[in-house]
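Hi everyone, thanks for coming. Have the sequence and the 3D view open while I talk, and stop me whenever you like.

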Amino acid sequence: MSFTKVLSIPPGPNMTRARPQHYHPSVDEEHYVYGSNLNVISRNINDFHFCESFEGHSHAVTSAKFFENGNFVISGDEEGNVIIWSYDNPEHPITLESKPVAGPIKDLAMTQDHKKFIAVGEYRRHGAHPFTLMGTTAGECLGHTDHVLSADIRRNKRPYITITGGEDRIVNMYRGPPCKHVAQVAMREGVVNCVRWDPSGDKFAVAGADKLLQVYSVTIGEATKRFGPKTITHDLLVEKEFPRNILSLCWTPDSSKIVFCGTDKAVTMVDAETLEVIWRVVLGKEIGHMQNCVFHTKRGFLVFSTAGDMTLIDVEGSIVENIPTHSSTITTIHATQNRLYTYGREGNFIIWDRETMTPVKRLLGKGHGGASVTAIFEWNGKIVTCGHDSNIYVTDPDTDKFGEKISTPYSIEGAAMIGDVIYCAFEDGVSAVNLATKSVTTLQHGCMCIATNSTHIAMGSESGTVTVLNAETMAVEYQEKVSSVPVKTVAISASGNIVACGAADSRVIIIDVEAKTYDNNHFSFHSSIPTNMRFIDETRFYSVGLDGEMFLFDATDRNTRIRTSHIHRQGCTSLEVFDGAIYTGGVDGFIHKWVVN
């Protein structure tokens with residue numbers, strides 16, 4: 001027997017409020033790459049579930065770009081590391097690993113022959129660094145005095161010309177790479193967020209925090225000496241101020257139009273010659289609807305929002321598809337007959353079709369205010385969420401916003417449900433919340449994690465004690481200190497006779513409630529803290545942990561187990577079992593659907 005991954009939901013891009021983020025499509029405009037946590041994610045514009053993941057970075061990925069031939073990708077992270085790796089090889093071997101910039105990489109550009117590159121970012125002596133495929137320096141990009149946020153190299157024409165812009169409000173032009181400063185194109189009133197050449201190589205556009213969009217032409221003159229370089233001059237063709245900061249822009253393939261997005265939470269297309277607005281699409285009203293990145297694909301313009309949503313807009317300005325995503329740790333998963341409910345640490349509560357694992361919608365509003373949600377339940381046709389903010393929300397799934405709020409006295413570390421009552425674990429005890437009457441009762445049992453079946457409540461505590469209560473009488477049926485370290489997760493069988501729990505020292509402990517005995521030595525197969533467990537029958541249970549491993553154990557036989565490794569980079573944090581399928585979520589933001597063969 002073994003685990004087989006059936007489907008995956010990739011995480012969304014790393015985004016920062018009101019800051020530009022530069023990601024790029026492949027030359028055929030069918031695939032695109034972006035950074036998500038420590039991974040570089042490649043997706044197909046025609047297939048929601050297609051995903052390739054590169055895990056070579058040890059810090060959050062901040063920029064990524066395909067080579068012209070589509071065979072390689074260059075990516076940079078927040079520590080200034082740049083990696084060139086093979087995209088068409090399933091093993092993704094690394095060709096170059098370098099650190100051209102001292103701080104976060106903000107943008108990447110390359111020549112059409114893939115031999116020279118520019119990485120821009122934090123300013124320490126220089127904020128833009130040109131280098132070769134071998135990692136050696138290719139000239140110097142002098143002229144900036146602060147962090148550089150964007151760079152682009154002219155394609156399709158020689159000589160190569162590089163443009164850069166950044167927080168010093170300067171737009172610079174360089175011949176090459178190898179780079180030699182030609183001119184300071186402009187001194188803007190605000191930060192320069194994005195600079196982009198048009199596909200023809202005759203013009204480039206500049207946009208920034210001063211709300212100004214400018215288009216420049218470039219003219220290549222005659223050489224001043226017999227063997228000297230040709231002169232390069234630039235002219236401002238048109239400029240126009242728009243209502244809000246512009247964070248990202250791109251050109252249409254025929255160079256006739258420019259599409260940009262920004263803090264106005266909208267995407268706008270303008271005529272490249274006059275900058276007159278052709279269409280404008282507003283994508284929301286909340287802070288999370290600020291749009292940080294836009295680029296052209298085969299199906300239209302793909303836009304990334306601060307909240308991590310990806311929206312596809314066609315050339316006519318109509319929304320083709322909106323894809324909500326998680327961009328951080330998946331804190332909890334809950335499955336019903338038709339739906340899958342997931343909550344991420346970035347604050348997104350997303351509803352998916354359980355069979356196809358395609359998005360249905362994302363709930364709007366502050367909800368739990370960015371606090372982690374520790375449990376999700378279905379009750380009387382409504383969705384109940386419990387969070388670290390001490391609140392429980394009862395929401396109609398047909399609406400777009402969080403519903404009625406019930407406040408509890410303490411931060412909810414975990415929760416389990418029997419009938420109308422939710423039992424919420426907090427450090428010093430348990431709160432019993434009756435959803436029908438909205439009453440809250442506190443039970444004095446130390447508790448950090450909790451699980452229920454139809455008749456019993458099992459609790460694990462910071463002291464390593466496990467307690468089992470009769471749900472009807474609240475009488476203690478079992479209580480024992482089973483570990484010298486905190487119990488982090490607990491599960492109980494359908495009859496209540498067997499309890500499995502995971503300790504902070506990575507051990508899995510099996511408790512025979514009826515015999516009042518426990519075994520804390522023979523199921524120590526995790527190499528890190530177990531985070532979640534689920535029984536599927538009287539003796540068998542699933543266990544996942546921060547080691548990224550998933551086990552199917554038999555509590556009566558330590559030798560009967562199934563194991564799969566590396567299911568989530570940095571660890572697995574959530575688990576759900578429903579109708580023969582297993583759903584896992586991790587620190588990497590991925591959601592996977594598994595079956596057991």
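Predicted model: local features only at pLDDT ≥ 70, side-chain atom pairs only at ≥ 80, totals over all residues.

Residues are numbered from 1 along each chain as its sequence is written, and side-chain values use heavy atoms, with hydrogens and water left out.

Okay, sheets. When I say strand, I mean a DSSP run of E with at least two residues, numbered from the N terminus. Two strands pair if DSSP finds at least two bridges between them.

Let's begin with the open sheet made of four strands in the order 6-7-8-9, with antiparallel pairing. Strand 6 and strand 9 (94-98) sit at its edges with a single partner strand each, so one side of each has no neighbour in the sheet. From one strand to the next, the twist averages 15 degrees; that angle is taken between N-to-C directions of lines fitted to C-alpha atoms, and can run from 0 to 180 degrees. Five bridges hold the antiparallel pair of strand 6 and strand 7 (residues 72-77), and Ala-64 stands opposite Ser-75 in strand 7.

Now jump to another open sheet of four antiparallel strands, in the order 29-30-31-32. The twist here averages 20 degrees from one strand to the next. Strand 30 (residues 339-344) and strand 31 (residues 349-353) run antiparallel, joined by five bridges, and Tyr-341 faces Ile-351 in strand 31.

Next, the hairpins. How many residues lie between strand 22 and strand 23 in their hairpin? Three, and Lys-265 in that turn has a positive phi of about 65 degrees. Lys-257 has Asp-271 in strand 23 as its bridge partner. Strand 23 also forms a hairpin with strand 24, with five residues between them, and Leu-275 in that turn has a positive phi of about 60 degrees. Over there, Met-269 is bridged to Trp-279 in strand 24.

Buried means under 20% relative accessible area, with a 1.4 Å probe and protein chains only.

Thr-263, in the loop between strand 22 and strand 23, is buried at 3% relative accessible area. Leaving out residues up to four places away in sequence, Thr-263 touches Ala-18, Arg-244, Asn-245, Leu-247 and Met-290, where contact means heavy atoms within 4.5 Å. Leu-249, in strand 21, is buried too, at 2%. Beyond four places in sequence, its contacts include Cys-194, Ile-258 and Val-294.

Last stop: the second largest pocket, with about 670 Å³ of space. Of its 31 lining residues, the closest to the centre are His-24, Pro-25, Glu-29, Arg-155 and Trp-197. A pocket is an open set of points on a 1 Å grid over the protein atoms alone, where a 1.4 Å probe fits, with protein on both sides within 12 Å along at least five of seven lines; lining residues have an atom within 4 Å of a point. Its volume is the space filled by probe spheres set on the points, which are joined across faces, edges and corners.

Notes:
Buried < 20%, exposed > 50% of the residue type's maximum accessible area, 1.4 Å probe, protein only.
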